Amino acid sequence: MAAGILSFRIGLIATALTIGGWSAAQGQLVYRADAQVASRYLWRGMRRTDRSVFQSDVALGFQRGLHSLTAGAWLNSELHNARPGGVSDRPVGHWGPSETDLWLQYSGGAGHLRWSAGAIEYRLTTPGADPRATEVYGEVLSESGRWIPRIGLWHRTGRSGATYLETGFSFLHFVNPFTGPYATWTTTALAGLQLTQRNTMVPADWLPAPAGKGLTHVGLSSIIRLSKSIGPVAGLVSFGLYLQASRDSVLRLRSSSAATNRLLHLWAPVEFGVSIPLRRPE
Amino acid sequence: MTARSLIFPLALLLSGVRCSAFHARILPAPVSPVLPSPTLKGFRAGVGRADITPPPGVGLSGSGPEGRRSVGYRLRLYARAMVLEDKSGERIGFVITDLPHMSPNLHRLVAERVLDSTGLGADRLILASTHSHSAPGHFYAERQYNQNTARLAGYEPRMVDFLVTRISAAVLQAYGSMAPARIAWDTTTIVGATRNRSFEAHCRNGADRADICRTPTVEYATTHAVDTVLIMLRVDSASADPAVQETRPIGALSVFAVHGTVNPTTNTLLDADVHGIVERRLEQYIESLWPAPPSSSRPRAVHLFANGAMGDASPTWDSTSRCPLAAPRRVDSLPIPRGPRGTWDFVDPAPRVAEACLGQADRDLERVGSQISQRAIELFKRLGNSLKDTATIRRAFRTVWLPGLSGLCSRPVIGAGAAAGAEDEPTRVRGWRWLFWPLLPLGVEEGGSAIQVREGVCQSPKRELLDPLQSRFVVGEHGFPETAQMSVVRIGSLVIATAPAEPTTVVGARWRREIEAGARMAGWTPKAIGIISHANGFLQYVATAEEYALQNYEGGSDLYGPGTARVLGEQMRDLARSIPPLGGGASPIAQVAPITAYPGAPRDILPIPSLPPAGARAAIQRVDCGNGVVTVHWIDAAPDVWDISRGLRISFEGSDASGRPVASQSDDDASVEVRLDGGPTHGMQKWTARWRKAAAVVAGTVTLLRGLGLPGDGQTKPFACK
């Protein structure tokens with residue numbers, strides 16, 4: 001098994017490097033940056049914080065058609081002091097950065113299929129958490145109309161060895177066919193599964209995840225996203241409803257016990273921010 | 001929170017985009033002199049023409065969200081004018097433009113511009129479009145059309161000024177060239193060039209079309225379920241001496257029902273479509289009969305090829321000429337694993353896919369254009385035997401205020417079926433039946449869920465697009481047209497009626513019956529009646545009440561409800577009735593009522609060129625030849641509004657293996673495509689012209705006829721083919 005995983009990783013890296021070399025040779029240099037404020041930070045069905053966060057990313061890569069090789073970083077920073085009894089990645093009474101992720105990703109597509117594969121390193125800044133954990137992942141989705149199925153697999157490297165699968169089905173209610181801003185209304189049903197149980201006794205390879213194996217959460221979101229050019233950037237707003245049933249909706253960084261809460265939550269997530277480069281220029 | 005309340009923010013968004021300020025402007029109401037001064041010179045006629053090709057970059061209007069931004073041009077766009085005057089001094093001016101639609105914005109402003117010089121007010125000027133979907137918009141008096149007839153939205157006052165100036169020049173040239181003339185008219189039938197794209201709705205008309213609809217062969221039925229009659233009025237200049245019988249042809253006015261949609265929506269070139277082929281072929285034939293010396297200042301012959309009752313009449317293009325439509329795709333500038341989730345938008349198919357479709361469309365253009373041209377030329381020849389100078393002209397004109405007119409709905413509404421696009425010109429959202437199943441039907445299809453029967457509602461059974469948001473948030477007040485300029489003109493025993501709309505085949509037939517009834521009431525009988533659609537304005541489609549009940553694209557686009565065809569038919573009947581019998585009095589007094597334009601906020605769409613560097617020259621850089629295509633790359637200035645329309649810019653001459661000349665073409669031919677390729681860089685632009693169909697050519701020369709305001713005219717470059 002371990003040998004298989006190792007060859008998988010080697011294969012993935014070799015593929016990424018091959019395609020990356022090809023992209024670098026034939027593609028064009030592209031970049032992207034986003035900054036947004038979100039009403040909460042949800043991750044794989046878990047509440048990382050119940051209060052607003054600032055999230056930003058930068059990415060640089062080579063792109064040719066549907067194929068791209070990207071390296072980037074993503075930052076999450078809590079905007080409120082953590083409260084006793086509240087849900088937060090930060091210590092009580094503190095706010096600020098809680099997670100920085102670095103990644104390398106290849107994305108491609110053919111026909112209606114789009115895929116991506118890469119490696120991502122999570123750097124948790126919370127005191128007490130291990131500073132680093134790495135996953136390799138692959139995602140596939142089909143863009144064949146208004147129904148969009150997707151599936152993704154994330155495998156934690158190191159001795160922990162946990163594998164997480166998430167699958168979803170989205171329906172595009174509306175996509176603005178006219179000129180003007182992007183406007184999409186999407187409803188998504190999704191489910192997360194912990195395929196292999198994470199080894200919580202491996203402190204050097206710690207990463208937030210529900211305990212145990214099996215279905216971790218199911219969710220139904222209905223989100224409207226708007227994006228309009230504002231000068232040289234694009235303004236982004238998204239809002240809607242998110243209904244989730246989960247085994248363990250709260251991440252307990254300090255307690256990696258197998259405590260399980262079967263919880264049903266209804267949220268109204270809101271996000272707003274800016275993005276470059278400019279989108280939909282007409 | 002209900003699903004309905006969820007779409008409120010969406011409505012706010014759309015309203016922010018759509019409900020720009022009205023920018024209301026009262027258009028002039030130029031009325032012709034009541035009694036033009038008798039000239040006692042006999043029948044006179046003149047023709048004129050003006051190039052109205054705008055610079056690339058404008059939106060190609062007529063296909064809604066599928067209409068691309070233009071990147072170049074192929075068959076240039078023209079305004080062709082013909083002015084006729086009878087012995088009593090009664091005068092009428094026809095102008096047919098290679099534009100997608102017409103607008104009172106152009107009609108009234110052109111009439112104002114030419115009135116003093118020509119006596120042609122709004123009531124004596126018929127300004128129509130061929131309905132090419134490969135031609136620019138941005139000139140409409142109505143905000144919705146400036147916003148939604150192409151991907152590139154906006155009202156461009158410089159486009160209005162450009163078109164009004166150029167169209168006026170064509171009218172003034174026609175008026176200035178008026179000379180003794182003789183005319184003749186007749187009809188011919190063309191079957192196979194067009195087909196009914198809304199056959200099921202067509203067959204709802206019962207007894208009107210029972211014979212066609214029982215036909216078992218679909219191809220036979222659909223190609224006969226259209227108005228297959230081409231009406232042509234031939235005009236020859238004649239000697240002032242009645243004893244001299246010899247005449248020389250100067251042009252023709254034809255009416256034939258066919259959509260200007262042989263080019264698929266994937267096309268990115270400004271182009272006159274099938275009308276451009278038919279116009280040119282007859283003009284070339286006329287010119288071949290009477291070649292003008294190079295130094296001649298006389299206007300070239302013109303063929304005004306007007307559209308008829310073409311609401312449901314498509315050209316018979318091959319289905320492979322239609323490319324896949326834009327489909328929803330993630331449009332992240334760069335896919336990333338963390339960060340905002342992907343935004344979705346409609347993405348066009350790959351360019352190589354479009355190339356294949358456009359190649360087939362090119363062959364269809366030649367086939368359909370040739371078929372119509374051949375019949376038109378045959379008819380033109382035949383008319384040479386019956387030319388007369390005794391015809392009299394009478395016209396009736398009125399401006400009709402539509403909202404609340406008896407029989408019409410109080411406000412214009414677009415149906416969900418219209419958003420689906422026509423069967424042969426679908427939009428990307430065709431088939432989107434539900435916004436949120438099963439609570440919010442969208443109805444973006446022809447028939448089916450586009451039908452919503454509501455007791456006591458005038459627009460029923462039309463499902464209003466984005467109901468209940470359309471009127472309040474999306475369209476707003478005065479977003480759609482509120483007036484219709486209608487006219488009936490009698491020339492001898494021929495009647496030409498005009499409508500600011502796209503009537504279906506059966507609507508056209510019923511209007512002809514109404515006109516005939518009105519004429520009989522007035523004591524005269526027309527021998528043939530042509531309906532010029534897209535004239536003096538644009539109300540979208542007019543379907544019969546029976547067709548409306550099916551809510552296909554045409555019915556869904558009928559803004560004022562199921563009574564529109566009947567009410568406008570009655571208007572035509574009244575206009576015909578107001579025209580006195582032959583030998584009777586003068587034309588009735590025209591009702592040229594004020595019209596207010598609500599075009600929306602102006603936007604810079606036409607290019608504003610940067611100044612080229614001092615000493616810059618237009619220069620041919622290189623010429624490639626291979627696989628039957630000659631491509632020339634040259635640098636030139638970036639075009640201003642007027643530059644492209646000033647005249648031809650590039651020409652090719654080729655010879656075969658034995659050195660004999662085999663062909664020469666310029667940038668006003670269907671086989672030559674001109675594109676803006678890049679820039680501007682330091683005020684200069686890269687241009688490319690491709691001469692296709694040069695298979696027999698092994699060598700030749702390219703000549704840069706004219707730079708865009710830069711020196712470099714006349715330079716040539718030889719080429720040899722691989």
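Because the model is predicted, local features need pLDDT of at least 70 and side-chain atom pairs count only at pLDDT 80 or more, while totals for chains, interfaces and linings use all residues. Residues are numbered from 1 along each chain as its sequence is written, chains are lettered from A and ligands numbered from 1 in the order in which they are written, and side-chain values use heavy atoms, with hydrogens and water left out.

We can begin with the disulfides. A disulfide is a covalent bond between the sulfur atoms of two cysteines; here the term is applied to a pair of cysteine sulfur atoms within 2.5 Å. Over all chains, the structure holds 4 disulfides. With bonded cysteines counted along the chain, those of chain B follow the pattern 1-2, 3-4, 5-6, 7-8.

One of the links joins B:Cys323 to B:Cys357, with an S to S distance of 2.2 Å. This pair connects distant parts of the chain, 34 residues apart: B:Cys323 sits in the loop between strand 15 (313-315) and strand 16 (327-330) of chain B, and B:Cys357 in helix 10 (residues 351-383) of chain B. Helices (H or I, at least four residues) and strands (E, at least two) are DSSP runs, numbered from the N terminus. B:Cys323 is buried at a relative accessible area of 12%, and B:Cys357 is buried at 5%. Buried means under 20% relative accessible area, exposed over 50%, and partly exposed in between (1.4 Å probe, protein chains only).

B:Cys409 and B:Cys458 form another disulfide, S to S 2.0 Å, and this link is left-handed, with -90 degrees about the S-S bond. B:Cys409 lies in the loop between strand 18 (393-401) and helix 11 of chain B, and B:Cys458 in the loop between strand 22 and helix 12 of chain B, so the pair ties together parts that are 49 residues apart in sequence. B:Cys409 is buried, at 2%, whereas B:Cys458 is partly exposed, at 38%.

For B:Cys625 and B:Cys721, the S to S distance is 1.8 Å, and the link is right-handed, with 80 degrees about the S-S bond. The pair ties together parts that are 96 residues apart in sequence, because B:Cys625 lies in strand 29 (residues 619-626) of chain B and B:Cys721 in the segment after strand 36 (715-720) of chain B. B:Cys625 is buried at 6% relative accessible area, while B:Cys721 is partly exposed at 22%.

The structure holds 8 cavities of 30 Å³ or more. On a 1 Å grid over the protein atoms alone, a cavity is a set of points where a 1.4 Å probe fits but cannot get out, and lining residues have an atom within 4 Å of a point. Grid points are joined across faces, edges and corners, and a volume is the space filled by probe spheres set on the points.

The second largest cavity contains about 750 Å³ of space. Of the 40 residues that line this cavity, the closest to its centre are A:Phe178, B:Gly64, B:Asn148, B:Ala418 and B:Ala419. Strand 10 (163-175) of chain A supplies at least two lining residues, as do, among others, helix 4 (143-148) and helix 12 (469-475) of chain B.

Finally, in chain A, strand 2 (residues 41-43) and strand 3 (residues 46-49) pair in the antiparallel sense over 3 bridges; pairing requires that DSSP finds at least two bridges between two strands. A:Trp43 has A:Met46 in strand 3 of chain A as its bridge partner. The hairpin of these strands has 2 residues between them, and A:Arg44 takes a positive phi near 50 degrees.

Notes. 1 Å grid on protein atoms, 1.4 Å probe; cavity = no way out; pocket = protein on both sides within 12 Å on 5 of 7 lines; lining within 4 Å.
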